[in-house]
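Please read them with the structure open.

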Amino acid sequence: MKKTRKFGLLMPISSLPSAEGIGTLGEEAYRFVDFLCAAGGSVWQVLPLNPTNYGDSPYQSCSSDALNYYFIDLFALVKDGLLKKNEIKLSELSDIPRRVNYGKQFTNKIALLRKAYSRFDGGEEFKRFVEKGDYADFAVFMALKAKFEHASWTEWEEPYRTYDKAVADKFASENKSEVLFWQFTQFIFLKQWNALKGYANARGVSIMGDIPLYVAYDSVEVWNYGSKLFRMDENRNPAGVAGCPPDAFTEDGQLWGNPVYDWEKMAADGYGWWNRRIAGCLKLYDILRIDHFRGFDRYYEVPPEEQTARHGSWRDGPKEKLFEDKLDFKIVAEDLGVIDDGVRRLMRNVGYPGMKVLVFAFDGRYDNEHKPSNYTNNFVCYTGTHDNMPIRQYIDDLNEYERGVYTADLLRECAAFGITADLTNSETMCRTVIRLAFASVADTVIIPYWDVLAMGGEARMNLPSTVSDKNWSWRFVKEDFSEDSLNFLSDEAQNTDRVNKNQNRNDTTVTVKS
């Protein structure tokens with residue numbers, strides 16, 4: 001990545017304001033680009049765009065490359081003549097302004113997309129899209145899920161449970177309309193996404209995408225490839241599942257349950273599946289963040305019968321071999337968690353920027369690598385990630401002793417960077433932490449928007465290793481994008497030389513709430 005000082009915002013598509021019950025690729029996404037430009041920002045980080053699956057998590061998707069049809073903007077389909085405005089009954093898509101109701105999306109948004117598809121005449125562009133075959137397996141997989149009432153592939157009848165290309169092709173031929181519907185969702189998503197990305201890029205904004213290291217067990221990849229890619233037993237059950245070991249935050253560790261890769265078999269064809277996956281993502285995004293990057297060095301595997309992650313073991317990943325021809329790719333490596341000499345060696349050898357997170361920084365340890373005074377520039381500095389509690393919640397939850405340590409540490413770091421710390425209350429402390437991120441030597445700073453607004457626990461995006469309707473559901477409203485927030489970000493960008501050089505604030509058309 002070009003080494004220029006820049007800043008961006010973490011804003012999941014699902015969290016954008018929208019009348020449709022979930023953020024979409026429509027008008028509010030364009031307004032967000034305008035807001036980011038007006039503040040001087042040049043990076044928009046999103047969470048994975050894959051369809052959500054178990055627990056509504058984009059990190060547990062039914063496909064590693066398919067795209068989330070919930071994000072399709074229905075009002076754009078009205079303009080395309082595929083829906084009528086009075087057919088979009090907003091009460092059937094949303095019931096709480098600040099939360100996504102995934103049940104309503106599953107039931108009612110898909111029904112509207114089916115209605116739009118019934119009026120879609122295809123044409124040569126769609127024909128070429130289908131013939132290219134990028135989403136063919138996904139479309140068949142979803143059509144089979146519909147046939148078997150959305151059950152996991154492990155519960156399908158034979159001959160469909162065991163993937164066979166001839167059987168899949170015959171099914172696709174006999175269920176052409178259903179298969180083409182799922183192709184249609186991908187075609188429309190990409191049409192809307194490419195228009196939005198083009199709008200952002202023209203204004204100097206790069207989009208940073210995100211991919212999980214693993215895929216879900218109930219996914220097209222596991223169904224299709226099985227033991228060709230994953231460590232499976234003779235019954236196509238996982239021979240081991242992914243997680244991370246116990247630490248200071250979780251005494252049982254984290255049991256994710258994803259099947260782990262068979263890296264030896266993947267190496268036999270030069271990691272072809274991973275090469276195609278990364279290449280596809282870099283067509284979709286300008287920058288790619290890879291989650292749990294440490295798993296390429298060594299990954300933590302738990303026996304499938306275990307109920308916690310306490311009794312797992314470390315196994316070797318592909319290390320640098322997977323990235324030997326990708327060293328100039330625009331990749332950010334999420335190098336958090338259990339970091340040892342092997343991970344540090346991998347990070348040095350690939351040269352990708354890692355991550356520093358200020359939620360972890362102020363614990364009284366002078367050698368804490370998340371303290372800005374200990375950074376080099378080849379990092380992306382975050383106040384927090386989608387898996388962390390918002391800064392304000394973190395501060396508010398500290399006991400008296402912990403808050404004293406936190407405050408003393410924060411004051412020392414601010415003094416080192418010539419920042420006046422405002423400790424009046426939790427909100428002003430949040431802004432002090434953000435100012436410290438901007439002042440750091442890290443090339444890129446990313447601020448989750450809930451931290452810009454000093455929101456508390458209500459805005460937490462995800463609590464790892466839990467399943468809850470509070471996870472992945474937080475949404476912003478139009479009033480959250482205020483003149484105060486814009487001015488705060490703009491001032492910090494100006495003061496720390498992080499202004500988007502390709503976009504002047506006065507060139508935007510953004511309207512913000514005062």
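How many residues line the second largest pocket, and which lie nearest its centre?

1. The pocket lining. The second largest pocket has 34 lining residues, and D65, D134, Y135, R276 and G280 lie nearest its centre. A pocket here is an open set of points on a 1 Å grid over the protein atoms alone, where a 1.4 Å probe fits, with protein on both sides within 12 Å along at least five of seven lines; lining residues have an atom within 4 Å of a point. This is a predicted model: local features need pLDDT of at least 70, side-chain atom pairs count only at pLDDT 80 or more, and totals for chains, interfaces and linings use all residues. Residues are numbered from 1 along each chain as its sequence is written, and side-chain values use heavy atoms, with hydrogens and water left out.

2. Pocket volume and make-up. The second largest pocket holds about 1000 Å³ of space, taken as the space filled by probe spheres set on the points, which are joined across faces, edges and corners. Elements giving two or more residues to its lining include α4 (124-132), α7 (176-202) and β3 (206-211). The largest share, eight residues, comes from α10. Helices (H or I, at least four residues) and strands (E, at least two) are DSSP runs, numbered from the N terminus. By class, the lining has 16 nonpolar, seven polar and 11 charged residues. Nonpolar means Ala, Val, Leu, Ile, Met, Phe, Trp, Tyr, Cys and Pro; charged means Asp, Glu, Lys and Arg; the others, Gly among them, are polar.

3. α4 on α7. These helices pack at about 110 degrees, with axes 10 Å apart. Axes are lines fitted to C-alpha atoms, for helices over the stretch in contact, and angles run from 0 to 180 degrees between N-to-C directions. So α4 is roughly perpendicular to α7 (65 to 115 degrees). The α4 contact with α7 has seven nonpolar, two polar and one charged residues.

4. Loop between α5 and α6. Two backbone points deserve a look. The E158 to P159 peptide bond is cis, with omega near 15 degrees. P159 lies in the loop between α5 and α6 (165-174). E149 is also placed in the loop between α5 and α6. Its phi is near 55 degrees, a positive value in a residue other than glycine. Most residues other than glycine have a negative phi, and most peptide bonds are trans.

Conventions. Angles under 35 degrees count as roughly parallel, over 145 as roughly antiparallel, 65 to 115 as roughly perpendicular and the rest as oblique.
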